[in-house]
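The following exercises concern a single protein structure.

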Amino acid sequence: MFTFRNYFIFSIFYNDYKKLSLILLCFFFTVNKIYSQSTPSTNFFKQPINLNLQNLNNYDNFNYIDSSISNSRMIFLGESSHTTKEYSLIKYKLIKYLHEKHGFNIVLFESGLADCLFANKLKNMKDSAWIMQHSIFPIWWSKPVLGLMNYIKSSQITLGGFDYKASSTANSDFLKLNIPVDTFLLKELYKYDTMFYNFANKNQLFLDSNSPNYNQYLTLKIDLENLYKRFSKELDSNKIKIDTIDFLYYKRIILNKLFFIQNLGNSERLYKSRDSIMSNNILWFCDTLYKNQKIVIWGANEHIAKHRSDLGNFYAASILPEKIKRESYFIGLYAYSGEMYSYPDNFTIKTPKKNSLEERIKKLTVSNEDVFIDFKHNYKTKDFEWLNKKTITYHWGKLKTLIIPIDYYDGVILINRVSLSRKFDTK
């Protein structure tokens with residue numbers, strides 16, 4: 001029999017049930033909202049990039065990178081091969097965007113420390129072609145990079161290099177700058193430094209203790225070492241007369257020069273130590289010379305990757321301190337098809353294999369668009385589980401390499417079809 005007492009008990013439970021249901025509903029709605037805000041949709045991070053060479057001021061779709069780099073002071077821009085037109089073009093556009101919208105005022109190339117200092121010092125008095133030819137390696141002498149050099153000059157962006165290797169014929173020319181030390185010393189240093197680098201260009205690959213020119217190397221080495229040590233002491237004595245940044249730069253160049261001079265007869269050590277020295281130079285730029293300033297670093301994928309290779313090789317960026325890595329954003333550049341150069345010939349890129357990095361990203365595109373994928377925001381989502389697994393990619397467009405994408409980069413730009421840069425005519 002259904003009494004008033006039964007009705008009263010039923011009412012209590014029924015009202016509690018409604019309250020509980022409402023609470024649970026609100027809870028799930030709130031969680032869903034928070035999750036949807038913290039896990040952006042894949043489409044947001046898969047934005048096509050406009051590569052229109054005629055319209056370098058069009059940044060309508062470059063805001064794809066804004067949320068990714070919001071806390072980054074250094075942006076590393078890689079490339080899977082050199083002499084590739086589209087890589088240089090997209091990096092030129094990105095540097096313009098980063099400078100104008102985010103305040104990045106320094107560009108460091110994988111090129112000579114001394115060469116780039118000299119070119120940067122004289123850039124206001126020289127044309128863009130001169131700046132390019134007296135700073136960076138010839139592999140990047142092209143129309144897109146010529147445009148970048150013009151932009152660097154007109155926008156008063158600082159140009160630098162982080163390699164100990166000479167990248168131009170101007171590697172000794174910094175000694176012609178107005179440095180307040182003994183003039184005779186500078187002239188002698190310039191003469192011997194030029195002689196040494198001419199000797200190195202002819203003999204570096206074949207020089208060892210059994211080489212017929214080894215004694216000539218030892219004589220040049222001793223003379224040049226002593227001259228650079230004298231130069232270093234002169235700088236210390238005249239420090240008060242020298243701009244602070246210039247002083248630090250000259251001292252850094254001396255360290256790099258001495259390493260090369262002392263190890264020219266040991267090509268294996270020069271090769272194996274290159275990334276370590278470049279890493280130390282990048283750290284010096286970021287933590288000493290341009291501390292708290294925003295910097296773009298331009299180099300090959302294997303030098304700017306934030307993780308060492310499976311072969312155990314340490315890339316320059318991979319051995320940077322974790323603090324610098326946390327302040328940085330690392331972008332690898334890859335290609336799906338087209339033509340590339342790898343010594344000694346040009347070649348056509350073969351269709352990437354199934355489940356390779358290039359093929360997986362290509363599947364995300366609508367047609368033949370070029371895309372940017374942000375790994376940091378996507379690697380935890382179901383569609384991007386492969387970012388945490390060993391994945392095939394193609395170094396220099398043809399050499400299979402296994403990487404764990406999220407360990408190597410924070411994002412990747414895939415160019416659908418690439419072509420060779422037309423080398424800038426220096427005549």
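A salt bridge is a side-chain nitrogen of Lys or Arg within 4 Å of a carboxyl oxygen of Asp or Glu. The model is predicted, so local features need pLDDT of at least 70 and side-chain atom pairs count only at pLDDT 80 or more, while totals for chains, interfaces and linings use all residues. Residues are numbered from 1 along each chain as its sequence is written, and side-chain values use heavy atoms, with hydrogens and water left out.

**Exercise 1. Salt bridges**

Determine how many salt bridges a search of the whole structure finds, and examine the one between Glu110 and Arg274.

Solution. Step 1: the search of the whole structure gives 13 salt bridges. Step 2: in the pair of Glu110 and Arg274, the closest N and O atoms are 3.1 Å apart. Step 3: Glu110 belongs to strand 3 (residues 106-112) and Arg274 to helix 9 (residues 267-289), so the pair ties together parts that are 164 residues apart in sequence. Helices (H or I, at least four residues) and strands (E, at least two) are DSSP runs, numbered from the N terminus. Step 4: both Glu110 and Arg274 are buried, where buried means under 20% relative accessible area, exposed over 50%, and partly exposed in between (1.4 Å probe, protein chains only).

**Exercise 2. Two further pairs and a network**

Describe the salt bridge of Asp173 with Lys176 and that of Lys191 with Glu188, and then identify the residues linked in a network.

Solution. Step 1: the side chains of Asp173 and Lys176 meet with an N to O distance of 3.9 Å. Asp173 is buried at a relative accessible area of 11%, whereas Lys176 is exposed at 53%. Step 2: for Lys191 and Glu188 the N to O distance is 3.6 Å. These two residues are three apart in helix 6 (residues 183-203), which means that about one helical turn separates them. An α-helix has 3.6 residues a turn, so residues three or four places apart point the same way. Lys191 is partly exposed, its relative accessible area being 40%. Step 3: the network of salt bridges links Arg73, Lys323 and Glu327.

**Exercise 3. Strand 2 and its partners**

State which way the side chains of strand 2 (residues 74-77) point, and which strands pair with strand 2.

Solution. Step 1: Met74 and Phe76 point one way, Ile75 and Leu77 point the other way, and all are buried. Step 2: two strands pair if DSSP finds at least two bridges between them. Strand 2 and strand 5 (residues 295-298) pair in the parallel sense over four bridges, with Ile75 opposite Val296. Step 3: strand 2 is also joined to strand 6 by four bridges, and these strands run parallel. Phe76 has Phe330 of strand 6 as its bridge partner.

**Exercise 4. The length of helix 2**

Solution. Step 3: as to burial, 15 of the 18 residues of helix 2 are buried. Step 4: Gly103 follows helix 2 and has a positive phi, near 75°.

**Exercise 5. Enclosed space**

Find how many cavities of 30 Å³ or more there are, and describe the lining of the largest cavity.

Solution. Step 1: on a 1 Å grid over the protein atoms alone, a cavity is a set of points where a 1.4 Å probe fits but cannot get out, and lining residues have an atom within 4 Å of a point. Grid points are joined across faces, edges and corners, and a volume is the space filled by probe spheres set on the points. Step 2: the count comes to two cavities of 30 Å³ or more. Step 3: the largest cavity has a volume of about 60 Å³, and its lining includes Gly112, Asp115, Tyr164 and Lys257. Helix 3 (113-122) and helix 8 (244-263) each supply at least two residues of this lining. Step 4: the second largest cavity holds about 40 Å³ of space, and among its lining residues are Ser80, Tyr334 and Glu358.

Note on methods
On a 1 Å grid over the protein atoms alone, a cavity is a set of points where a 1.4 Å probe fits but cannot get out, and a pocket is an open set with protein on both sides within 12 Å along at least five of seven lines; lining residues have an atom within 4 Å of a point.
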